[in-house]
Amino acid sequence: MDAMQPQEVKELIDKAQKAKEQAYCPYSKFRVGAALRTVDGLVYTGCNVENACYNLGVCAERNAMAKAVSEGHSRFQAIAIASDMSDQFISPCGGCRQFMREFGVKWDVYMSRADGTYQKMTVEELLPVSFGPDDLSQEKV
Ligand code: THU
């Protein structure tokens, strides 16, 4: 898979920022948006959706991935994540890293700041020595 061009990365981050506007986060007031690009170049977006039963809240990244998979797309090239933080790059939580890993370790995560600057890491870099689908069929005693 070819690397994304800088303009394509910018467009993906723009979409993550736009998705952030739909964030439903009355409890944390921490808005997050994600834009997930499939290997076919389709983009699925998501935002965080919280709940009065706090532990049921869902992250933006997982919502974007669930949308794509439920529409028949599970081969991903990259995901861009956006928040309102000006100084920090938004970093996916451990649960989302594991959820990403389900769909491979060799794809890219663009963690952005509010001004659109970003840091890129692969899923493998974010979750080294991970447990994945293949582990379930390994030799057992
Ligand atoms: N959150 C995300 O949606 N993605 C992240 O990468 C980090 C955290 C959400 C979960 C919760 O709704 C709020 O941000 C505060 O943790």
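**Salt bridges and ligand site**

Modeller: Lys 18 is exposed, at 55% relative accessibility. Exposed means over 50% relative accessible area, buried under 20%, and partly exposed in between (1.4 Å probe, protein chains only). This is a predicted model, where local features need pLDDT of at least 70, side-chain atom pairs count only at pLDDT 80 or more, and totals for chains, interfaces and linings use all residues. Residues are numbered from 1 along each chain as its sequence is written, and side-chain values use heavy atoms, with hydrogens and water left out.

Lys 18 pairs with Glu 21 in a salt bridge, 3.7 Å from N to O. The term requires a side-chain nitrogen of Lys or Arg within 4 Å of a carboxyl oxygen of Asp or Glu. By that rule there are seven salt bridges.

Another joins Glu 8 to Arg 37, at 3.6 Å from N to O. Glu 8 sits in helix α1 (residues 6–20) and Arg 37 in strand β1 (residues 32–38), so this pair ties together parts 29 residues apart in sequence. Helices (H or I, at least four residues) and strands (E, at least two) are DSSP runs, numbered from the N terminus. Glu 8 is partly exposed at 27% relative accessibility. Arg 37 is buried, at 17%.

Asp 108 and Lys 120 form a further salt bridge, with their closest N and O atoms 3.8 Å apart. This pair links distant parts of the chain: Asp 108 is in strand β4 (residues 108–112), Lys 120 in strand β5 (residues 118–122), twelve residues apart. Asp 108 counts as buried at 18% relative accessibility. Lys 120 is partly exposed, at 43%. Elsewhere, salt bridges with shared partners join Lys 20, Arg 31 and Asp 84 into one network.

Now the ligand. Its surrounding residues include Phe 30, Val 32, Asn 48, Ala 60, Glu 61 and Ile 90. A residue counts as near when one of its heavy atoms lies within 4 Å. The shell divides into six nonpolar, three polar and two charged residues.

For Asn 48, a side-chain N or O atom is 3.0 Å from a ligand oxygen. For Ala 60, a polar backbone atom is 2.9 Å from one. For Glu 61, a polar side-chain atom lies 2.5 Å away from one. The protein covers 76% of the 370 Å² of accessible area that the ligand has on its own. Such areas come from the Shrake-Rupley method with a 1.4 Å probe; for residues, only the protein chains shown count as cover.

Definitions and conventions:
A polar contact is a pair of N or O atoms within 3.5 Å; within protein, one must be able to donate a hydrogen and the other to accept it, and residues adjacent in sequence count only if both atoms are side-chain atoms. Ala, Val, Leu, Ile, Met, Phe, Trp, Tyr, Cys and Pro count as nonpolar, Asp, Glu, Lys and Arg as charged, and the others, Gly among them, as polar.
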